[in-house]
Amino acid sequence: MIRNQVEHVVAKVQDCQSGISMELFLHLSLVPALLIVGVLSFLQKRAQRLAIDHRLPFLGGRFAIVVPLDTIGSLSNRWSYGFAFGAVSSSVLLLFSDQYIPFTVPPWARSIVYLVGALEVGLVYLPFFACLSTPFRAAGAVLGILYSLSWIIVTVWDTFTCPDGKMLGKYQKLIIQLPCILSLIFLLGRFVYILVKAVRIHLQVQQEDPEELTEQHQVQHVKRLLRKTPAHSQPRSWFRSKVYEWDPYFKFPNRIIGTAIISLIGLYTMTLADYSLSNVAFDKVDGWKDTLKQLVTACNQTEHLGAMIPQLEEFIYVARKSWLATTIFASLNSVAYCFHVLACYRKHLQRLWKGQKGFIPEKFHNIRSAVSVASIARYSGWQIAFTLWGYLIVHFVHFLFALLLVYVLVLPIQHGRTLTMVTNLGIILLTISLVIALVILQIVLVQIFFLQDKMSPTDKDKPLALNNRKAFHCFNYFFFFYNVVMGISNCILRLLCSIVVGTWLVSRIDRSIMQRGYENMDAGYSTWIGMIFADHYHSNPVMMCFCQLLVSNSQEKHTASAYSTFSNMPSESPVNARRRWMLFYTLLRNPHLILLRKHHLSSSSSLHAPSPPQPDTVVQARVMAFKTQSRQAESQSPPEIIVTPAQDC
């Protein structure tokens with residue numbers, strides 16, 4: 001086996017003399033990647049001093065940790081991070097190739113080699129993320145431009161000098177590497193934009209964006225909540241009500257965007273691999289069929305086997321065409337799932353913002369904090385894996401349905417057995433129709449004869465109250481035996497529907513495929529719930545705006561800010577603030593005490609002086625006290641009991 005692999009590599013090198021080994025370039029890229037990360041780490045300073053800073057004071061707190069990206073709260077460079085993940089996708093596939101391992105390892109050590117390879121790929125592509133997230137924009141942009149250019153030049157050179165392939169023909173490598181090349185070009189353009197912006201800020205042509213806790217869309221979302229809902233809203237279009245409704249005040253985080261882009265690129269690669277391998281597999285089956293046909297021709301005593309050759313040829317032809325057709329439908333279905341998961345993420349998160357947890361099983365309402373935070377780390381990898389595996393499973397299910405459709409409808413018509421096919425279908429449909437009709441008949445009989453009349457003419461349905469009880473008991477007795485027979489068929493139908501729906505929704509991580517009460521056995525759904533809870537607690541717009549107000553008010557500023565009080569008085573101590581809140585609450589619940597406060601009593605006139613007009617505060621206090629006394633009197637009054645005369649039944 002090893003010799004075959006070596007011969008395959010040698011033949012590949014002989015076919016492409018001018019090609020570049022991407023595996024070797026990946027290994028060599030570790031050196032510049034570590035240098036770039038070291039430079040960015042040197043530019044940053046640690047927030048807290050360590051023991052090494054006292055031993056080496058000339059460092060000045062440098063060599064801080066380089067964070068690739070913020071997967072929780074950051075909403076900047078979302079698409080840039082997504083395309084950075086897209087550039088990684090092609091190198092991740094190298095981990096599963098034999099050419100990636102330059103030496104022979106035993107089978108038990110392959111898992112360790114793959115772990116080391118994954119760490120190597122992470123280090124090689126770390127400069128793309130670090131240059132996007134570093135606060136030193138100019139340095140990060142320059143290093144990112146140089147690193148992106150090197151990867152673009154090598155990838156394009158390798159693609160166009162050796163584009164041929166046995167699977168997809170003349171432009172195989174270009175088709176496979178196209179997402180990676182486009183992602184690298186996008187990153188190059190992004191780094192150029194960051195560099196131009198940094199230069200303009202340095203020349204004071206453009207102002208630097210202020211660093212705040214809240215984003216602009218979060219502020220607009222809170223403002224929308226505070227507005228009064230219009231009485232008559234405009235009717236939504238069919239697309240907005242049924243497919244997708246755009247919300248300008250909601251943005252997906254970096255993690256969700258990156259996961260969606262990698263899922264789409266993975267589906268693209270998986271579809272190409274599926275198409276190529278299926279052609280090879282069916283060509284191999286055709287070769288076996290030709291060998292069997294030659295064997296039947298050479299032997300005289302294989303008449304029964306010879307009669308199977310035309311059926312085998314027909315099956316291979318139908319299977320090839322069905323697999324190709326279902327490849328398209330399965331790909332479109334998986335792509336639609338990727339976008340539908342985005343819509344479900346926004347819908348579920350907005351429901352949690354409103355305090356609605358009814359769509360979540362009750363056992364997940366108080367999820368553990370550690371499980372919720374760990375779900376953030378698991379979600380991206382699991383979502384990508386579920387999407388790719390779901391594509392294969394859904395493709396196979398589509399393939400079985402396509403074969404069933406062809407052998408039930410198409411082939412009988414081509415072979416002139418249309419009448420037999422229509423007869424069989426008629427019998428099947430008639431049986432199913434009779435079963436459904438009898439179920440509907442039971443409901444109609446109960447609706448007409450065994451329910452009491454409506455309590456009000458405006459009621460939609462009759463009340464859940466039996467009428468004609470003796471007749472109903474007879475009805476229940478005679479239908480008991482038929483319902484036993486019908487229950488057997490419905491049990492099988494229930495099992496088939498569960499299998500079909502479960503396999504159809506296997507890639508939907510936002511929906512559990514387990515029955516109610518067993519959702520905790522669905523690890524994917526548990527990860528989804530934990531992830532949206534973590535995002536809800538860390539990115540709620542109302543909470544973020546409140547924290548921004550606290551931070552803005554706590555900072556000492558010489559000039560009054562937009563969040564200052566109307567009197568521009570210095571902020572009070574927490575004890576005084578708490579005391580004033582308690583006073584406000586007491587006066588709100590007891591308005592008559594407002595008139596007994598010291599400054600009201602001191603400002604009141606003597607009995608002999610003429611009474612001046614009462615100020616507005618006193619009038620409002622008297623009105624509030626009167627309303628409070630009225631509400632207390634109403635709440636203490638006993639409920640009124642209405643007695644109606646008895647009627648004859």
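Predicted model: local features only at pLDDT ≥ 70, side-chain atom pairs only at ≥ 80, totals over all residues.
Colleague: Where is R378 placed?

Modeller: R378 is in helix α14, which covers residues 369–414.

Colleague: How far apart are R378 and M531?

Modeller: In sequence, R378 and M531 are 153 residues apart. In space, their C-alpha atoms are 8.8 Å apart.

Colleague: Let us turn to the whole protein. How many helices and strands does it have?

Modeller: The protein has 21 helices and zero strands.

Colleague: And what share of the residues is buried?

Modeller: Of the 649 residues in the protein, 31% are buried. The accessible surface is about 44,400 Å², and carbon and sulfur atoms account for 66% of that surface.

Colleague: What about contacts between residues 24 or more positions apart?

Modeller: Among the contacts with a separation of 6 or more, 72% join residues 24 or more positions apart.

Colleague: Now the helix pairs. What is used to describe two packed helices?

Modeller: The description rests on the angle between the two axes and the distance between them.

Colleague: Then how do α7 and α8 pack?

Modeller: Helix α7 (residues 126–133) packs on α8 at an angle of about 155°, and their axes are 8 Å apart. The two helices are therefore roughly antiparallel, since the angle is over 145 degrees. The crossing of α7 with α8 is left-handed.

Colleague: Which residues of α7 and α8 meet?

Modeller: From α7, the residues are P127, F128, C131 and L132. They meet R137, G140, L143, G144, Y147, S148 and W151 in α8. By class, this contact of α7 with α8 has seven nonpolar, three polar and one charged residues.

Colleague: How does α8 cross α9?

Modeller: The axes of α8 (residues 137–161) and α9 (residues 172–202) come within 8 Å and cross at roughly 160°. The pair is therefore roughly antiparallel, and the crossing of α8 and α9 is left-handed. The contact of α8 with α9 comprises 20 nonpolar, six polar and three charged residues.

Colleague: One further pair: what about α15 and α16?

Modeller: Helix α15 (residues 418–449) and helix α16 (residues 469–504) have axes that come within 12 Å and cross at roughly 155°. These helices, α15 and α16, are therefore roughly antiparallel to each other.

Colleague: Which residues of α15 and α16 meet?

Modeller: On the α15 side they are V435, L438, V439, Q442, L445 and V446, which meet F475, F479, Y482, N483 and M486 in α16. This contact of α15 with α16 has nine nonpolar and two polar residues, with no charged residues.

Colleague: Where does N468 lie?

Modeller: N468 lies in the loop between α15 and α16.

Colleague: And what is the phi of N468?

Modeller: The phi of N468 is near 55°, a positive value in a residue other than glycine. By way of background, most residues other than glycine have a negative phi.

Notes: Residues numbered from 1 in each chain as written. Heavy atoms only, no water. Axes fitted to C-alpha atoms, helices over the stretch in contact; angles between N-to-C directions. Helix = DSSP H or I, 4+ residues; strand = E, 2+ residues; numbered from the N terminus. Parallel < 35°, antiparallel > 145°, perpendicular 65-115°, else oblique. Contact = heavy atoms within 4.5 Å. Nonpolar A, V, L, I, M, F, W, Y, C, P; charged D, E, K, R; others polar. Buried < 20%, exposed > 50% of the residue type's maximum accessible area, 1.4 Å probe, protein only. Areas by Shrake-Rupley, 256 points an atom, 1.4 Å probe, with all protein chains shown as cover. Left-handed = near helix turned anticlockwise from the far one by under 90°.
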